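Reader: Before we go through the assignments, I would like each label set against its cut-off, so that I can follow how every conclusion is reached.

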Amino acid sequence: MKLNNLPSEFQEALPILEKIKSAGFDAYFVGGSVRDAILGRPIHDVDIATSSYPQETKQIFRRTVDVGIEHGTVLVLEGAHEYEVTTFRTEDVYVDFRRPSQVSFVRSLEEDLKRRDFTVNAFALDEKAQVIDLFDGLTDLSGKILRAVGVPSERFGEDALRIMRGFRFAAVLDFEIEPVTFAAMKETAPLLEKISIERIFIEFDKLLMACFWRKGLQFLIDSQAYQYLPCLTNQAENLQKLTSHLSDDFQFSSSEQAWAFLLIALEVKDVKDFCRKWKTSNDFMKSVHQLVEVWNFRLEKEYDKQTCYKYGKDKLILVEELRQSQDLVVDFERILDLDAHLTIHDKHEIVVNGGHLIKEFGMKPGPDLGRILNAIEFAIVDGHLENEQEAILDFVKEKGHL
Ligand code: ATP
Ligand code: MG
């Protein structure tokens with residue numbers, strides 16, 4: 001098969017292939033970008049694979065960066081672009097089921113394509129826009145099927161992250177998983193416990209944010225792979241709530257929203273503990289925690305000024321979207337109205353700070369000062385107190401806080 005129009009991302013990268021070829025080596029576009037080009041989907045990173053070894057690649061180009069030279073990857077800087085150029089390789093011995101214990105550079109494209117995870121990820125594309133398809137990936141692409149390259153159980157046994165990648169690709173591409181591949185995913189799922197949770201998080205997160213996340217999630221549930229993920233053991237029923245409680249066309253609008261709803265569905269009591277087990281960033285943990293708090297607040301009450309101020313309108317909207325998708329009462333107008341009428345959105349907007357109070361009243365830094373500042377903030381947000389110096393100082397005197 002030949003691509004009719006080589007997408008511009010590849011055209012721009014053609015000089016790289018040509019330079020490598022004129023130095024006497026083979027070079028191809030490989031990986032997800034080729035799959036996406038054939039499908040007519042947007043292309044992100046154009047990856048290049050070559051028979052030249054890293055040191056040889058570095059001699060071909062003027063500007064290169066060693067980004068992962070032990071894995072054979074050299075970053076080539078060309079004009080405004082940068083491309084990962086990776087030596088053809090095989091990954092032979094997996095002792096710990098995580099990462100190849102040994103990467104061997106090879107001169108053959110076929111060897112390189114064989115180690116790739118799914119047939120639709122194992123294409124190469126040459127400079128003439130000819131697709132090299134050694135594993136019948138084109139048939140799978142048109143049948144919308146994910147099939148492991150080679151013997152599925154061996155491939156997942158080598159690297160169990162591929163199981164999660166499979167669910168993720170099903171969710172992104174709206175693909176079914178070929179039965180033997182799926183059976184191997186089930187069989188090797190216990191090996192997920194050996195995979196770094198950060199890598200699993202990335203795949204699960206991409207799954208939840210994908211257009212066809214319901215499909216990806218269903219594969220995760222049906223395969224029982226969730227049994228081997230932190231805090232998800234024996235949670236099939238709760239996981240299923242994501243698809244049964246949210247309306248059919250619902251798409252998460254942010255990762256934080258997706259994970260917050262996951263935690264809500266799982267009835268997680270200790271959000272921080274969950275996030276620590278998934279090794280999320282602290283910022284992510286904070287956002288998810290706040291969204292769960294807002295969700296719980298909203299189950300009992302309507303939003304008010306203080307809640308809008310504390311969490312910000314964006315978080316309230318994210319929660320309201322989740323509610324809307326479940327046919328719960330929503331009021332987006334109220335959120336916008338509360339926000340529009342907030343006297344301040346941040347405590348730094350308050351015209352008096354701790355320093356002023358220390359100077360004016362000779363107060364000492366410490367918990368008492370903190371309490372007064374909180375009382376000022378609360379009163380301003382509530383609308384009882386004007387954000388004006390004299391009024392605030394009077395407030396402090398009147399309240400007998402001194
Ligand atoms: P995306 O659209 O998310 O970038 P992608 O298919 O490009 O999807 P990447 O993670 O960028 O996925 O990997 C690039 C290519 O490297 C894949 O298409 C696949 O051929 C190969 N690959 C990546 N990870 C693995 C893995 N764990 N096992 C086997 N092959 C892999
Ligand atoms: Mg990619």
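Reader: In which helix do Lys277 and Asp273 lie, and how many residues apart are they?

Author: Both residues belong to helix 13 (residues 271-277), where they are four residues apart, about one turn of the helix; helices here are DSSP runs of H or I with at least four residues, and strands are runs of E with at least two, numbered from the N terminus. An α-helix has 3.6 residues a turn, so residues three or four places apart point the same way. This is a predicted model, in which local features need pLDDT of at least 70 and side-chain atom pairs count only at pLDDT 80 or more, while totals for chains, interfaces and linings use all residues. Residues are numbered from 1 along each chain as its sequence is written, chains are lettered from A and ligands numbered from 1 in the order in which they are written, and side-chain values use heavy atoms, with hydrogens and water left out.

Reader: What makes the contact between the side chains of Lys277 and Asp273 a salt bridge?

Author: The term requires a side-chain nitrogen of Lys or Arg within 4 Å of a carboxyl oxygen of Asp or Glu, and the side chains of Lys277 and Asp273 meet at 2.9 Å, N to O.

Reader: Why is Lys277 called partly exposed?

Author: Buried means under 20% relative accessible area and exposed over 50%, with partly exposed in between (1.4 Å probe, protein chains only). Lys277 has a relative accessible area of 44%, so it is partly exposed, and Asp273, with 27%, is therefore partly exposed as well.

Reader: Which parts does the salt bridge of Arg165 and Asp117 tie together?

Author: The side chains of Arg165 and Asp117 meet at 2.6 Å, N to O. Arg165 lies in helix 7 (residues 161-173) and Asp117 in the loop between helix 4 (109-114) and strand 8 (124-125), so the pair ties together parts that are 48 residues apart in sequence. Arg165 and Asp117 also belong to a network of salt bridges with Arg168 and Glu203.

Reader: How do you know whether Asp117 is buried or exposed?

Author: Its relative accessibility is 8%, so Asp117 counts as buried, whereas Arg165, at 23%, counts as partly exposed.

Reader: Why is helix 2 described as largely enclosed by the rest of the structure?

Author: Six of the eight residues of helix 2 (residues 32-39) are buried, so the description follows from that count; the six are Ser33, Val34, Arg35, Asp36, Ala37 and Ile38.
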